[in-house]
Amino acid sequence: MLKVGLTGNIGSGKSTIAGIFSTLGIKIYPADDESKKFLDSEKVIQKLTKIFGYSILSNDGKINRRSLASIVFTNEESLQLLNSVLHPLVRQDFLKWVTGFKSEPYLIQEAAILFESGLAAEYDFIIHVSCPKEIAIKRVIKRDQIDGNSVIKRMNFQMDDSVKAELADFVIINDGAQLVIPQVLSIHKHLLKISSERNNNVATGAADS
Ligand code: ATP
């Protein structure tokens, strides 16, 4: 089973593309959504209040995501501190999740800052969803009903789209002009082939020894 990372900047269309892979039967681990779940854990709440203070809490003692976002998306160091708490938990959870799907040809982890977090080497292949900034900003404004400046602020903490495209093994252009389904199908076909070849090599190796 191959581990595939699906990345792309905010609003590029990662979840949309992940949805297409999912209709092809591929299992998806949505790391960004999963990481938000850890914000409800008591241990994480304790760690984060130690770092950022009690102003990040709501009256019910839970993390107020808006307050937390207003701190971490204005300051790179704070964002890194938050990630240093959440990333190891998500990584562990992903590795546990993977063990449930050993007979799948490949699995996808969807994560926006896969390159930025230094985890790229953990994947067999990386797919980057590329989208021009102006289009991504418009999409996020529409999706989240937020202002353009907030989107740009978040975007500025992410690596440039073109740098990610250079680093990735596959690039899907999701600019609203090029059809994405044929691009997904082509990558899917490729990954199935590689997965099957690797399985055959393992089987042959086992037979030889
Ligand atoms: P985030 O990093 O913020 O989670 P994302 O990369 O997962 O974003 P999506 O949520 O998939 O991006 O897409 C952002 C918005 O753009 C969504 O509302 C989605 O429906 C829309 N969208 C994605 N791709 C296209 C497309 N090709 N044409 C039109 N709208 C699109």
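Which helix gives the most to the shell around the ligand? That helix is α1, with 3 residues. Helices here are DSSP runs of H or I with at least four residues, numbered from the N terminus.

This is a predicted model, in which local features need pLDDT of at least 70, side-chain atom pairs count only at pLDDT 80 or more, and totals for chains, interfaces and linings use all residues. Residues are numbered from 1 along each chain as its sequence is written, and side-chain values use heavy atoms, with hydrogens and water left out.

**The ligand site**

Around the ligand sit N9, I10, G11, S12, G13, K14, S15, T16, E110, R139, R143 and N174. By class, the shell has 1 nonpolar, 7 polar and 4 charged residues. Ala, Val, Leu, Ile, Met, Phe, Trp, Tyr, Cys and Pro count as nonpolar; Asp, Glu, Lys and Arg count as charged; the others, Gly among them, count as polar.

| Residue | Protein atom | Ligand atom | Distance |
|---|---|---|---|
| S12 | backbone N or O | oxygen | 3.3 Å |
| K14 | polar side-chain atom | oxygen | 2.6 Å |
| N174 | polar side-chain atom | nitrogen | 2.7 Å |

On its own, the ligand has 630 Å² of accessible area, and the protein covers 67% of this. Accessible areas come from the Shrake-Rupley method with a 1.4 Å probe.

**Helix α3**

Helix α3 spans residues 42-52, and its buried residues are V44, I45, L48, T49 and F52. They lie on the same side of α3 because they cover an arc of only 130° around the axis. The arc is taken from the directions from the helix axis to the C-beta atoms. Buried means under 20% relative accessible area, exposed over 50%, and partly exposed in between, with a 1.4 Å probe and protein chains only.

What do the buried residues of α3 pack against? They pack against α4 (65-72) and α5 (76-98); contact means heavy atoms within 4.5 Å. The face turned away from the buried side carries the exposed residues E42, K43, Q46 and K50. After α3 comes G53, whose phi is positive, near 90°.

**Q183 in α9**

Q183 lies in helix α9 (residues 180-208). Its relative accessibility is 16%, so Q183 counts as buried. Not counting residues up to four places away in sequence, Q183 touches V171, I172, I173 and Q178.

Terms used. A residue is near a molecule or strand if one of its heavy atoms lies within 4 Å of it. A polar contact is a pair of N or O atoms within 3.5 Å; within protein, one must be able to donate a hydrogen and the other to accept it, and residues adjacent in sequence count only if both atoms are side-chain atoms. Helices (H or I, at least four residues) and strands (E, at least two) are DSSP runs, numbered from the N terminus.
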